[in-house]
Amino acid sequence: MTPPEPPAPSSEGGARIGNRYRLEERIGAGAMGAVWRGTDELLNRTVAIKELIVAGAPMGHGNDAAEESRQRLLREGRIGARLQHPHVISMFDVVVHDERPWLVMEYLPSRSFAVVLGEKGPMTPKDAAAVGVQIADGLAAAHAAGVVHRDIKPGNVLIAEDGRAKITDFGVSRAVDDVQLTRTGMIAGTPAFLAPEVARGQEPTSASDVFALGATLYAAVEGEPPFGLDDNAYALLHKVATGRIRPPEHAGALTALLMRLMANEPGDRPTASQARDALSAIAAGGSAAGMAATAPVTQVAAAAAPPPPEGPRTLTDLPAGPPPSTPPTRRRWVPILVGVLAVLVVGAGVLIGALRANTGQQEDPPPVAAGPTTTAAPRTTTAAPTTTTPRPTTTTPTTTPASDGAVAFVQDYYGLLPEDPDSAFARLSPQAQAASGGISGFRNFYAGIRDVQVQNARSSGNGQVSATIVFTRADGSTSSEPYTFTVQDDLIQSFSRA
């Protein structure tokens, strides 16, 4: 539908909206309406002014669709105005002029991501990740504020001349599309970037935005959306609803992350902040640590990382676990010291035996040491043999055989902490990552932890591991709690307080 003509010019030169905003130049148009570069005459600043229309439902008094659209747009405009972020186009005002709603927004000299891709073709995975970092950062801020975009796609991402990316139309385009689909049975635009659950009729969530982010980056590297293109919007909507995407062929280092972002189930996708961190690593030429595993991730509702907890009260604050079979170098002195002490005790027992032998005392010497020692002190006056070193005493009994892979995995996980939180975080499923406060909360927590120990680690089968976790904080205080872990697909899928 062709957008209606703008209001007639005022005596001062340009058409004026709301007696404040003067239209200067039409800079874009689409299914929703048209966009002008304009001037806010009150503040003397350049703004973008967007007129919104409803296909098949002209604005006017007594038109139910028009009124519903207007109210919805006003509501979405107020929600969008709550967002102030470097990667989100700011919403300044919503004006109803001549029975039509107009949005007044930040003006950014730019082109849409869709136009950029149309002109330059597919991007390299690294360049696409650099754009994706910015989109994900804007989404993370929006989700933390309780705002869902609901229509992330290349056409709603603006790329400035200096490479900055900004998301536009938070919630607005979906508000219009909802009215059009409900009132006219028409689908405006393309559903190619919708999440499967939205195509199936469910309410969009932050996880739906994450899927659309993945679909947008998929299109950037592959040249078309993950479900392909189809002139029949309803046929394409059916494809989207199945959730069966074509694996990318040119995504390189982005491949595993894209598949996670576009997981069929909303709960199997990372949060926007997790996606941002992973994309940042790829854009820097590395890999998405913690996100590149083949197993799907699990996400809870996106939220800002919480402040670091004061202590490991629950595993919602942070998962904990025992040292690995090969503990970090910093803790190797502990078993060495225990072994040395045990040797000294054995030597003392030998010396006592020798003295008693010289004085005619033939009774047995006292036990060498507590613990599973298998050799008794010799009854000879010779020195203790240097080739026999009793096993050191341990206060952490192991009730699970060394061959139990789930127990070993949990132990290896905690063996990375607190020295290497990033590698440990990579061994958590997205559900566990989210429960741990995201990578920022995870790092902050372990920055205040001096040591982590696991006691009584044991397996109950099916990947279930129970253990007592002991944290030693930087101030020397300690705490211990029993926990249960679920290990599957080489990830700690979940943990809970026993």
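Buried means under 20% relative accessible area, exposed means over 50%, and partly exposed lies in between (1.4 Å probe, protein chains only). Strands (E, at least two residues) and helices (H or I, at least four) are DSSP runs, numbered from the N terminus. The model is predicted: local features need pLDDT of at least 70, side-chain atom pairs count only at pLDDT 80 or more, and totals for chains, interfaces and linings use all residues. Residues are numbered from 1 along each chain as its sequence is written, and side-chain values use heavy atoms, with hydrogens and water left out.

Look at the partners of β8. Strand β7 (residues 110–112) pairs with β8 in the antiparallel sense over three bridges. Two strands pair if DSSP finds at least two bridges between them. Here Ser110 stands opposite Ala160. β8 also pairs with strand β9 (residues 165–167), again antiparallel and over three bridges. Leu158 faces Lys166 of β9. Four residues separate β8 and β9 in a hairpin, and Gly163 in the turn has a positive phi of about 95°.

Now turn to helix α2 (residues 113–120). Its buried residues are Phe113, Val116 and Leu117. Seen down the axis of α2, they fall within an arc of 95°, so they line one face of the helix. The arc is that of the directions from the helix axis to the C-beta atoms. The face of α2 turned away from the buried side carries exposed Gly118 and Glu119. Cover for the buried residues of α2 includes β7, α3 (125–144), β8 and α6 (206–222); contact means heavy atoms within 4.5 Å.

Next come the rings. Rings of Phe, Tyr and Trp (its six-membered ring) pair if their centres lie within 6.5 Å; planes under 30 degrees apart count as stacked, over 60 as edge-to-face and the rest as tilted. The count comes to eight aromatic pairs. In one of them, Phe211 and Phe227 have ring centres 6.1 Å apart and planes at 20°, so the pair is stacked. Phe211 lies in helix α6 and Phe227 in the loop between α6 and α7 (233–242), 16 residues apart. Phe211 is buried, at 0% relative accessible area. Phe227 is buried too, at 5%. Tyr414 and Phe485 form an edge-to-face pair, 6.0 Å centre to centre with 70° between the planes.
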